[in-house]
Amino acid sequence: MRTASEIWTHLSSVMAGLIFAWATPQLRMHIEGYAHKAVGHVYPYIEVTFPEFAGERLERSEAYIAIQNYLNASASARAKRLKVESVKDSQSLVLSMDDDEEVVHEFEGVKLWWSSSQIISRNSTLPLPYRRFYRLAFHWRHRQLITGSYIKHALAKGKAVAANNRQRKLFTNNPSSNWDSSKWSHVAFEHPATFDTLAMEPSKKTEIMNDLLKFKQGKEYYARIGKAWKRGYLLYGPPGTGKSTLIAAMANFLSYDVYDLELTTVKDNTELRKLLIETTAKSIIVIEDIDCSLDLTGQRKMKKQERDSDEGKADPVKRMTKGGEESKESKVTLSGLLNFIDGLWSSCRGERIIVLTANFIEKLDPALIRTGRMDKHIEMSYCCFESFKVLTRNYLGIESHPLFTTVRQLLEETKMTPADVAENLIPKSDDEDEEACLEGLIETLKKVKECARKKLEEEEKAAAAAEATAARAMTEKAAAAAAWSLIVLTFDKLRNWG
């Protein structure tokens, strides 16, 4: 039998050999490999790792971000140790799992273990001195369910959480002289408009919301029919009817960014295409007042050339000075705008809505607003009684009032925009209550009605005067023709007698 000293001597030799082997990289790799294999035969769990940085450029992994958002949604309810983070483009602070924390999830009756870890990195190219990762563990019997369904579910839910939490943006295009920094500049989009507060007939609002939802959920449908995943809206109507407010409500309803494109600052069609490429998915591209922003039709271009030619003939010096200024004007053409909306480059991003607004639809070229480019035409008209009730609920906090009957009758007889109605419903002092505001609106509607009546009378008088003038001119012309015929007849008779 060995003595204690011999046993300790033998153990010391074994430990020294293990330390030497572990210190040798090649031997350590073999030891780790055999150790993992040995453990794998008795350890019944499979582990999936989601590292923070991946790829040749060591960019932050989209899968890691999605899993982080997915776990953050339930971390505050399950994890015992949390940390507070301020995530870029998020509207608020986010609670997330602390490092070396583990939470238990369940998916279709299967128990899963998620853990958050970090280790010191030996890679000097990483932006941080440590590597963070999430690890998912599950029993090997559920491999197909987890790898086939659960991971896809977690990634999709994480991306949806990120989309709902992110701070949406309102973009505007920069002049091309400032494109060294960025083609678009942005601010936080904080417009409060929703379909609940939008002054519009309920049936029309429901129709628009259903159309938007169908579009948002139509990725597979658009791919199946071979069409770019985009949709065009044309909003037309008099100023003050809520076109811009509807756009804001659409953006809030879909949680999309908004790109407000100012065509007058775009130099030519090439720049317009570059701006389109720089936009992102899940966005609304807006061109407001398209009927008066640029001369886009060939007929207007010809008129402009004729006008410039006349000015040049009258003043050659003015024509020379104007030639230098024309290079600063936008040279975007109708063809360029059509390609922007519906050409090949319009499909470079998916899930986008293009909205054009106009005060006078009859001024727009038919090619610009045809189906396929502007798929849905929405007329924004004057305030009706249903719109008025929405405005009174927003501004006065009331659903009904005895004066509503009078207002309804006047709205049916008068044309007033929702913006003008809303202005009359705003209390101008602390002493004004809802009844005072409604009485003020009624007085304004009566004045508008009277002005419209007087204008109609003046137009009728002008039309009657024009008809009288035309009739008098016709009578005088007929009398002159009769007198001339008499003179000719008399002259013929005299000649025959001679």
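# Salt bridges and helix packing, question by question

Me: Why is E52 called buried?
Reply: E52 has a relative accessibility of 2%, and buried means under 20%, so E52 counts as buried. One thing to keep in mind as we go: this is a predicted model.

Me: What makes E52 and R132 a salt bridge?
Reply: Their closest N and O atoms are 3.0 Å apart, and the cut-off asks for a side-chain nitrogen of Lys or Arg within 4 Å of a carboxyl oxygen of Asp or Glu. The pair therefore qualifies as a salt bridge. It links distant parts of the chain, with E52 in the loop between β1 and β2 (53-54) and R132 in strand β8, 80 residues apart.

Me: And R132, is that residue buried or exposed?
Reply: R132 is buried, because its relative accessible area is 13% and the limit for buried is under 20%.

Me: Which residue does R135 pair with, and how do you know that it is a salt bridge?
Reply: R135 pairs with E47, and their closest N and O atoms are 3.3 Å apart, which is within 4 Å. R135 sits in strand β8 (residues 130-139) and E47 in strand β1 (residues 45-51), so this pair, too, joins distant parts of the chain, 88 residues apart.

Me: Why are R135 and E47 called partly exposed?
Reply: R135 has a relative accessibility of 25% and E47 has 42%. Buried is under 20% and exposed is over 50%, with partly exposed in between, so R135 and E47 are both partly exposed.

Me: How many salt bridges does the structure hold?
Reply: The structure holds 13 salt bridges. One of them pairs E351 with K282, whose closest N and O atoms are 3.2 Å apart. E351 lies in the loop between α12 (334-342) and β14 (352-358), and K282 in the loop between α8 (269-277) and β13 (283-287), so the pair ties together parts 69 residues apart in sequence. E351 is buried, at 6%, whereas K282 is partly exposed, at 30%. Elsewhere, salt bridges that share partners join K230, D342 and R370 into one network.

Me: Which residues make the contact between α14 and α15?
Reply: From α14 come F385, F388, K389 and T392, and from α15 come F404, V407, R408 and L411. These residues of the contact divide into 5 nonpolar, 1 polar and 2 charged.

Me: Which residues of α14 are buried, and what covers them?
Reply: In helix α14 (residues 385-395), the buried residues are F385, S387, F388, V390, L391 and T392. Their cover includes α5 (202-216), α15 (404-413), α16 (418-425) and α17 (434-497). After α14 comes G397, with a positive phi near 70°.

How values were computed: Residues numbered from 1 in each chain as written. Heavy atoms only, no water. Buried < 20%, exposed > 50% of the residue type's maximum accessible area, 1.4 Å probe, protein only. Helix = DSSP H or I, 4+ residues; strand = E, 2+ residues; numbered from the N terminus. Contact = heavy atoms within 4.5 Å. Nonpolar A, V, L, I, M, F, W, Y, C, P; charged D, E, K, R; others polar.
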